[in-house]
Each structure stands twice: as structure tokens, then as C-alpha cells.
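Here is a short report on one protein model.

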Amino acid sequence: MLAAILLLQIAAGLVESASHDYNIYHPMNEIEDWMNQILFDNPDIVSIERIGRTYEKKDINLFKIGERSGVMKKAIWMDCGIHAREWISPAFCQYFVKQILQEYRNGGEMAEIMRKLDFYVTPVLNVDGYRYSWVDNTTRLWRKSRSPGPPGCTCYGTDLNRNFNATWGTFGISTNCCSEVYCGTGPLSESEAAAVTRYVEQRKEDFLCFLTIHSYGQLILVPYGNPNFTAPNYDEMMEVGLGAAEKMKKVHGMSYEVGTSPDILYPNSGSSRDWARLTGIPLSFTIELRDNGTYGFELPQDQIQPTCEEAYSGVKHIVNYVHHKKVSGAGTMATASLWAVLLASCITTTTITL
Ligand SMILES: [Zn+2]
């Protein structure tokens, strides 16, 4: 669909090299225009795919970015905007795409990486929720999807990051459809979570790393949200995460904490991060961007650039690790086989859900 629109726009002479302002927040239609522009400017290494539709029948589009080759390449996943109000997250996906394309054109390591790896980047996953958060001040802090609740409940929306098939419905959720952490009527009851699952699972052996971008709190979260389980390569993910945090601190001096959600935030279930690791993707991280609560979800626009710069440095560390250890043959692939089952710990409560 986007490709067809693009062709029409090209025919009408509507696509021009207008510069996109990466230092402001953009509504959904502007992000879609920007996606078309990126495709128009980089047809040799960028394509756009629709991975599914939202409840309101809006397209969920992702970029596939990498040098074309005759074979299926290994890949890194990144999604932004699963929670509507976390506007810095889609802003980061835009910055990330711009930056990797620029570095690719400049040659050097990114050109080498993109010969071996593809990036799959979904700039806005929760399209309905994101659009709703732009309606007016009363909807700015909307978090969930926009599907209606089950019969008898008048509230809208499911927390998409509680709807994935990963110990669904156990920790950090609510079955009350008015709650911010309502987990839906069942795993993948929401079309947005189902679209990601379907897309990734059809070639899950190719995905080496799953990154999902949120705000706020300045955290790098590793699986699992369920305190009863420990990922088989927990140590590896912690090491990579700590390395990323170290790189991030060097950019503007900001500290990012690294750990599992129960250890440094709160237990949860049904997250895409946990599902990705459970389905066999060796590395999976949630990155909670700035800040630490001063502005929270309403991070001022003058912090977009520094936030993106430091986050890019952290993500680049993870990408380099994947490239060196998982693709270039310098290390061995971690295999997921056993979980260490630990004693259940109590659920902590919090009023802010990230
Ligand atoms: Zn979030």
C-alpha cells in the first residue's frame, strides 16, 4: 500500500528531498511521509513491508534495511511505539534509521554490518494508540491499543506489552479492561501483538537480536519479567547490556541501569521481550529511554537529540556484539534449552507502568 502511494506521489511530483526534523515529535501521518521519503531516497537497501493491521485497520509498516543478497540474511529486530504515550520511542526509531543509512553511505563498519545483517525496524507498532495520543491534551498519556473491551466493559484498549505469549496473564497484569495493564482476553488477542509474532516466528532462526524501545526510566531490561524463570544466557545478556550502558554514559553522562524487570523495575508477563527470548531469539532487550521521571512520558523536545545520541551508542554496542560474536564466526551461538526455575518472589506494586 505504501509502495503504491509512493508511486502515485512520485508520479505527481509530490516527493521531494524535504528535510525531516529529527528534533521534534511527529504525528503518524508525518512519520508515514518520512517512511516514504526514506524509501524513495534509498531504494537500493530499503524496502517497506506491511506486517499486519491494527484494530482500526491501519497498516503496521516496517522497514527492512540491508544490502540485498540472494540468500536470507541474519537480522536484528527493532520496534518503537508499542506504548502510545512514549513519544521518544518512535523519535528514536527515526533517528536510528537515519543514522544507520548515513553510516552505511559513509562506508566503514556499518557497510560491513549491512552486508551481513538486515535491520527490521517498525517505527510505530501501536499505530491506533499513537494516533489517539495526538488527538488532544486529554488523550496525550494514552498507553494501550484502541480495541474495545470485552462485553460488559466500557473501557478501551489492551496493554500490547502484556498480550504476548510469554507466561501470559501471570505477573504485572490486570484482567480489568479499564486497567493500564489489561492483558487482553488471551495471548495475542490483539492484532498488533499477533502481527509481530506471526512475522518474526515465520523466520525466527534468522533473528539474532530483538530490541523493543520504550520510555521512561533509563533502563536496559533483559528477560524474564517472570521472577520464577532465568534465561539460559542471562549472563551473556547482562554483559552485553552493561557494555551498552557504559557506552551510553560516555555520550552525555546519563546512567542506564541493567537487569531483569523483577530485579530493577517490577515483575511482568506477556511482554514482547520475554516472548522473543522464549521463541529462541538469543538476545532480547527492552530499552527504557529518558528520563527518570522529571518529565516522564512528556520528555521535552530539546532532549530528543541527546537521548537519541546516547541510545544509538548503546544499540550500536549491541549490534556490534551481534555482528562480531554471532555473524562473523568469532563466537558460538547460545542455545536456549533449560530454564533455571527459582522460588517465586512477591509481586511489587507500582503506580507508573512503563
Ligand atoms: Zn512502555
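## Ground rules

Two strands pair if DSSP finds at least two bridges between them. Strands (E, at least two residues) and helices (H or I, at least four) are DSSP runs, numbered from the N terminus. The model is predicted: local features need pLDDT of at least 70, side-chain atom pairs count only at pLDDT 80 or more, and totals for chains, interfaces and linings use all residues. Residues are numbered from 1 along each chain as its sequence is written.

## The E1–E2 hairpin

Strand E1 (residues 46–53) and strand E2 (residues 59–65) run antiparallel, joined by 7 bridges. Val-46 stands opposite Ile-65 in E2. The hairpin has 5 residues between its strands, and Lys-57 takes a positive phi near 65° there.

A residue is buried if 20 or more other C-beta atoms, placed from the backbone, lie within 10 Å of its own; it is exposed at 12 or fewer and partly exposed in between. In strand E9 (residues 283–289), 7 of the 7 residues are buried, so the strand is largely enclosed by the rest of the structure.

In a regular strand the side chains alternate between the two faces of the sheet. Leu-283, Phe-285, Ile-287 and Leu-289 point one way from E9, while Ser-284, Thr-286 and Glu-288 point the other way.

Strand E5 (residues 207–215) runs parallel to E9, with 7 bridges. His-214 stands opposite Glu-288 in E9. Strand E6 (residues 219–222) runs antiparallel to E9, with 3 bridges. Here Leu-221 stands opposite Thr-286.
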